[in-house]
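Please read this briefing alongside the sequence and the coordinates.

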Amino acid sequence: YEKVRLRGEGGFGVVWEVRARAEPGRRFALKVIEVDDVATANAGVLEATRLAECRHPNLLAAREQFFHNRWGEAHWLARLCVAPWELCIVMELCAEGSLWELLDRLWDADESLPERVILQVGAQLAGALACIHARGLVHRDVKPENVFIARRDADGALAIKLGDLGQALQLDAPRRAPKSFRGAALKHAPPPGLRPIASATGLSG
């Protein structure tokens with residue numbers, strides 16, 4: 001794969017837009033996770049496996065995964081297993097970016113998503129989560145940064161994909177509830193999600 005441009009970065013690593021050398025006309029998202037220990041490697045592989053197993057129109061699809069040594073396979077440190085290894089997960093590319101990026105632009109322009117679009121996005125997310133839940137998984141990190149826009153129509157309608165299953169929890173028994181917290185706390189939620197909302201109850205959030 002050839003890197004085209006940087007798409008995002010964070011504590012998990014970086015995401016690049018790449019083109020496949022064997023298919024020059026196609027582009028993908030390449031998530032690169034620096035592997036410092038076995039636990040990090042296992043978590044990354046598990047995420048890629050979950051993405052590959054959960055098939056749904058509104059879930060980000062994984063293409064493949066592989067380990068890459070930044071110093072080259074022939075480097076003497078690589079043979080000692082102390083070279084800087086990276087786990088690479090190749091996924092479908094959502095060229096429109098994330099829902100967070102769209103909300104941020106709307107926020108700066110003092111605009112918001114129409115109610116019908118919000119309902120459309122909610123329905124698509126519900127379908128994606130139903131697919132995950134049917135496999136006994138709980139996502140635990142649903143937020144605008146992890147919702148990607150696959151298509152934005154002229155009328156404003158959005159086709160979205162839910163991604164990032166790195167925090168997902170496999171429940172080992174039916175109806176068992178997760179007992180640990182993961183993902184973004186409410187106090188860290190994106191500002192677009194915190195606009196005051198008046199209601200007949202007199203409450204705002």
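## Briefing

Ser 98 is placed in the loop between β5 and α3 (99–108), where helices (H or I, at least four residues) and strands (E, at least two) are DSSP runs numbered from the N terminus. The model is a predicted one, in which local features need pLDDT of at least 70 and side-chain atom pairs count only at pLDDT 80 or more, whereas totals for chains, interfaces and linings use all residues. Residues are numbered from 1 along each chain as its sequence is written, and side-chain values use heavy atoms, with hydrogens and water left out.

- With a relative accessible area of 7%, Ser 98 is buried; the term buried stands for under 20% relative accessible area, exposed for over 50%, and partly exposed for what lies in between, with a 1.4 Å probe and protein chains only.
- Once its neighbours within four places in sequence are left aside, Ser 98 is in contact with Pro 144, Glu 145, Val 147, Phe 148 and Ile 149, contact being defined as heavy atoms within 4.5 Å.

**The sheet**

- Five strands make up an open sheet, 5 strands in the order β1-β2-β3-β5-β4, with antiparallel pairing; two strands are taken to pair if DSSP finds at least two bridges between them.
- The edge positions belong to β1 and β4, each of which has a single partner strand, so one side of each is left without a neighbour in the sheet.
- Direction ignored, neighbouring strands of this sheet are turned by 25 degrees against each other on average, with axes being lines fitted to C-alpha atoms (for helices over the stretch in contact) and angles running from 0 to 180 degrees between N-to-C directions.
- Strand β1 (residues 2–10) pairs with strand β2 (residues 13–20) in the antiparallel sense over 7 bridges, and Lys 3 has Val 18 in β2 as its bridge partner.
- Between β2 and strand β3 (residues 23–35) the pairing is again antiparallel, over 7 bridges; these two strands form a hairpin with 2 residues between them, and Arg 19 stands opposite Arg 27 in β3.
- β3 also pairs with β5 in the antiparallel sense, over 8 bridges, with Val 32 opposite Cys 88 in β5.
- β4 and β5 run antiparallel and are joined by 7 bridges; among the bridge partners in β5 are Trp 85 for Asn 69 and Val 90 for Glu 64.
- Strand β5 (residues 85–92) is mostly covered, since 6 of its 8 residues are buried.

**Aromatic rings**

- The count of aromatic pairs comes to 2, under a rule by which rings of Phe, Tyr and Trp (its six-membered ring) pair if their centres lie within 6.5 Å, with planes under 30 degrees apart counted as stacked, over 60 as edge-to-face and the rest as tilted.
- Tyr 1 and Phe 28 have ring centres 6.3 Å apart and planes at 85 degrees, so this pair is edge-to-face.
- Phe 28 is buried, at a relative accessible area of 4%, whereas Tyr 1 is partly exposed at 27%.
- Tyr 1 and Phe 66 form an aromatic pair that is stacked, at 6.4 Å centre to centre and 0 degrees between the planes.
- Because Tyr 1 lies in the segment before β1 and Phe 66 in strand β4 (residues 62–69), the pair ties together parts that are 65 residues apart in sequence.
- Phe 66 is partly exposed, with a relative accessibility of 27%, and ring pairs link Tyr 1, Phe 28 and Phe 66 into a cluster.

**Cysteines**

- The structure holds 0 disulfides, a disulfide being a pair of cysteine sulfur atoms within 2.5 Å.
- Cys 88 counts as buried at 4% relative accessibility, and Cys 131 counts as buried at 16%.

**The nonpolar core**

- The largest nonpolar core has 20 residues, and those with the most contacts inside it are Leu 59, Leu 99, Leu 102, Leu 113, Val 121, Leu 158 and Leu 162; such a core is a set of buried Ala, Val, Leu, Ile, Met, Phe, Trp, Tyr and Cys residues joined through side-chain atoms within 4.5 Å.
- At least two residues of this core come from each of α3, α4 (115–134), β7 (147–152) and β8 (158–162), and α4 gives the most, with 6 residues.
- Leaving aside its neighbours within four places in sequence, Leu 99 is in contact with Leu 113, Val 121, Pro 144, Val 147, Ile 149 and Leu 158.
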